[in-house]
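Good morning. I have one structure to go through today, so please look at the screen.

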Amino acid sequence: MVVIHSITNRSIIIKGEEGHPHEVCGYLIGKHKKGRKNSGMDDIFIITDFMVCENINSDRPDIRFEISPKDHMAATKQAEKQKLDVVGVYHSHPNHKAYASPTDNDYAVERTIYLIYSIFDSKFKDLKAYILNQVTNKLESTKVSRTVKSRRLKLKKIQAEK
Ligand SMILES: [Zn+2]
């Protein structure tokens with residue numbers, strides 16, 4: 001599952017609406033806790049910050065996104081400053097549902113959270129989260145929980161609630 005702080009979620013939605021009809025993309029910053037399953041599907045991600053990246057795909061920025069290595073380094077630094085990690089990637093699907101496309105699946109890596117925001121006509125419609133199932137090698141949706149709690153990470157509490 002993924003827990004995302006409401007302010008972070010809201011900020012990403014605004015970026016997605018502003019960037020429409022191009023795909024917007026960026027890194028998700030927070031904490032990752034491995035679960036017990038080999039598939040990785042019971043891993044827990046807590047997202048408290050994000051970094052907007054430039055979509056450097058110039059051919060089809062409406063249906064593809066690409067992030068430069070320079071932006072990856074910047075995100076890593078931004079996370080390190082907060083003693084956090086880069087735990088995932090978000091991108092928008094302009095005028096498409098928040099499903100994991102075959103391309104999304106091809107580029108997915110293990111132990112990473114993927115958030116897909118569906119934006120129709122510059123208006124947010126839906127958010128879905130995916131983890132790469134390491135047994136089937138397919139992106140599978142996982143639960144998204146929004147929280148308004150303080151920025152402090154309450155991983156232990158969330159695990160206890162499970
Ligand atoms: Zn996609």
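In what order do the elements of the protein chain run from the N terminus on? They run β-α-β-β-α-β-α-β-β-β-β-α. That is 4 helices and 8 strands; both are DSSP runs, numbered from the N terminus, with helices being H or I of at least four residues and strands E of at least two. The radius of gyration is 15 Å, close to the 15 Å that the globule rule gives for 162 residues, so the protein chain is as compact as a globular protein of that length. That radius is taken over C-alpha atoms, and the rule is 2.2 Å times the number of residues to the power 0.38.

Two notes on the source. This is a predicted model, where local features need pLDDT of at least 70, side-chain atom pairs count only at pLDDT 80 or more, and totals for chains, interfaces and linings use all residues. Residues are numbered from 1 along each chain as its sequence is written.

Of the 162 residues in the protein chain, 31% are buried. Buried means 20 or more other C-beta atoms within 10 Å of the residue's own, exposed means 12 or fewer, and partly exposed is in between, with C-beta atoms placed from the backbone.

Now helix α1, residues 6-19. Its 14 residues reach 20 Å from first C-alpha to last, close to the 20 Å expected at 1.5 Å a residue; the expected span is 1.5 Å times one less than the number of residues. Which residues of α1 are buried? They are Thr8, Asn9, Ile12 and Gly16. Seen down the axis of α1, the buried residues fall within an arc of 100°, so they line one face of the helix. The arc is that of the directions from the helix axis to the C-beta atoms. The face turned away from that buried side carries the exposed residues Ser6, Arg10, Ile14 and Glu18. In general, an α-helix has 3.6 residues a turn, so residues three or four places apart point the same way. The buried residues of α1 pack against several strands, among them β1 (2-5), β3 (44-53) and β4 (85-94).

Next, the loops. Pro21 sits in the loop between α1 and β2 (25-33), and the peptide bond from His20 to Pro21 is cis, with omega near 10°. Asp121, in the loop between β5 and β6, has a positive phi of about 50° although it is not a glycine. Asp121 is exposed, with 10 other C-beta atoms within 10 Å. Asn137 lies in the loop between β6 and β7 (138-142), and its phi is near 60°, again positive in a residue other than glycine.

Definitions and conventions:
Two residues are in contact if their C-beta atoms, placed from the backbone, lie within 7 Å.
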